[in-house]
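Student: Can you take me through the strands, helices and ring pairs of this one?

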Amino acid sequence: MTLSLTRSDVERLLTPQACIDALEDAFRKLGEGKVPPPTILGIHVKDGSFHVKAGELAADRPYFAAKLNANFPQNGARHGLPTIQGAVLLFDASNGTLLAIMDSIAITSLRTAAATAVAAKHLAAEGAPTATVCGCGAQAASQLRALACVRRPALVHAYDQDGAKAAAFAAAMSAELGLAITPTADLAESVGASDIVITCTTARRYFITREMVRPGTFIAAVGADNEDKQEIDPHLMAAATVVTDLTEQAAKIGDLHHAIVAGAMSRHDVHAELGVVSTTVVHRGTLVG
């Protein structure tokens with residue numbers, strides 16, 4: 001029988017640490033060439049987009065998974081609906097049996113945050129005392145929970161264009177994680193004082209510039225998940241050590257895409273993919289795009 005898992009089932013069963021461990025293992029297998037690269041298909045519609053991501057992984061048996069997500073950034077304001085909605089389908093890759101259908105909202109949020117945590121584990125300075133989170137929506141909470149599994153900064157700045165949203169986020173996450181989290185209205189000052197910066201916004205124009213960031217800062221650029229979104233100054237990308245989750249994908253969408261279009265860098269300037277650095281040692285203080 002095909003297993004059906006709702007969003008609440010996923011949230012109950014899949015912890016941030018379990019997701020981090022699974023994702024690190026998957027990245028390592030990809031870096032070692034033990035699994036083929038995943039594939040992606042994207043289609044834009046009037047007010048949003050759809051994308052399909054699919055991949056294969058061997059565990060106790062061979063599996064194939066495909067995630068179909070709808071991404072509509074204005075859903076909250078217009079319809080009271082989540083930005084991301086969709087499903088993950090899991091198959092037995094030895095015979096094609098559909099094993100499970102899972103709501104993708106929590107999986108997407110946890111997986112995205114887990115990728116940041118894996119990158120921070122290998123690339124951010126140990127004992128990094130200060131962090132800034134840009135954008136205080138649902139993804140920001142997942143990002144901070146995952147980061148706390150691998151790094152526990154003494155102080156976290158929470159920034160959002162909506163100051164009330166940043167204040168509410170800071171209060172809720174401080175109580176949940178036991179971290180000192182404070183809202184900030186001065187993004188440049190907070191970024192300049194931070195060792196870790198996480199951007200998880202829907203911005204269409206970069207807002208983190210080269211002048212803001214001090215050497216050695218780890219930046220997880222999360223929000224630019226299609227070619228129309230952008231968070232990082234192309235000149236900052238060009239000056240940084242860039243590590244991607246998948247370079248082929250990042251060169252088509254997100255901040256690496258914009259840096260290439262701007263002529264600031266090419267895909268050949270990317271230092272490595274996360275699957276490679278998770279199996280090796282690289283210099284701390286790296287930009288992940």
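Predicted model: local features only at pLDDT ≥ 70, side-chain atom pairs only at ≥ 80, totals over all residues.

Student: Sheet then. What is the strand order?

Tutor: The order is β1-β6-β5-β4-β3-β2, an open sheet of six strands with mixed pairing. Strands (E, at least two residues) and helices (H or I, at least four) are DSSP runs numbered from the N terminus. Two strands pair if DSSP finds at least two bridges between them.

Student: Which strands stand at the edges?

Tutor: β1 (3–5) and β2 (39–45); each has a single partner strand, so one side of each is left without a neighbour in the sheet. From one strand to the next, the twist averages 10 degrees.

Student: How many bridges join β4 to β5?

Tutor: Nine, between residues 62–71 of β4 and residues 84–92 of β5, and the two strands run antiparallel. N71 has I84 in β5 as its bridge partner.

Student: And what packs on the sheet there?

Tutor: Helix α4 (residues 104–123), which touches β4, β5 and β6 (98–103) and whose direction makes about 90 degrees with that of β5. Contact means heavy atoms within 4.5 Å. Axes are lines fitted to C-alpha atoms, for helices over the stretch in contact, and angles run from 0 to 180 degrees between N-to-C directions.

Student: How do β5 and β6 run?

Tutor: Antiparallel, joined by five bridges, with L90 opposite A100 in β6. The two strands form a hairpin with five residues between them, and G96 in the turn has a positive phi of about 85 degrees.

Student: Switching to helices. At what angle do α2 and α4 cross?

Tutor: Roughly 70 degrees, with the axes of α2 (residues 16–31) and α4 coming within 8 Å. The two helices are therefore roughly perpendicular to each other; that class covers 65 to 115 degrees, while under 35 is roughly parallel, over 145 roughly antiparallel and the rest oblique.

Student: Which residues of α2 meet α4?

Tutor: P16, C19, I20, L23, E24 and F27. On the α4 side they meet L110, R111, A114, A115, A117, V118, K121 and H122.

Student: What about α5 and α6?

Tutor: The axes of α5 (residues 138–150) and α6 (residues 163–177) come within 11 Å and cross at roughly 30 degrees. That makes α5 roughly parallel to α6. The contact is made by A140, A141, L144 and R145 of α5 with F169, M173, E176 and L177 of α6.

Student: Last topic: how many aromatic pairs?

Tutor: Two, counting rings of Phe, Tyr and Trp (its six-membered ring) with centres within 6.5 Å; planes under 30 degrees apart are stacked, over 60 edge-to-face and the rest tilted. One of them is F50 with F72: the centres are 5.6 Å apart and the planes at 75 degrees, so the pair is edge-to-face. F50 is in strand β3 (residues 48–58) and F72 in the loop between β4 and α3 (75–79), 22 residues apart, so to speak of the pair is to speak of a link between distant parts of the chain.

Note on methods:
Residues numbered from 1 in each chain as written. Heavy atoms only, no water.
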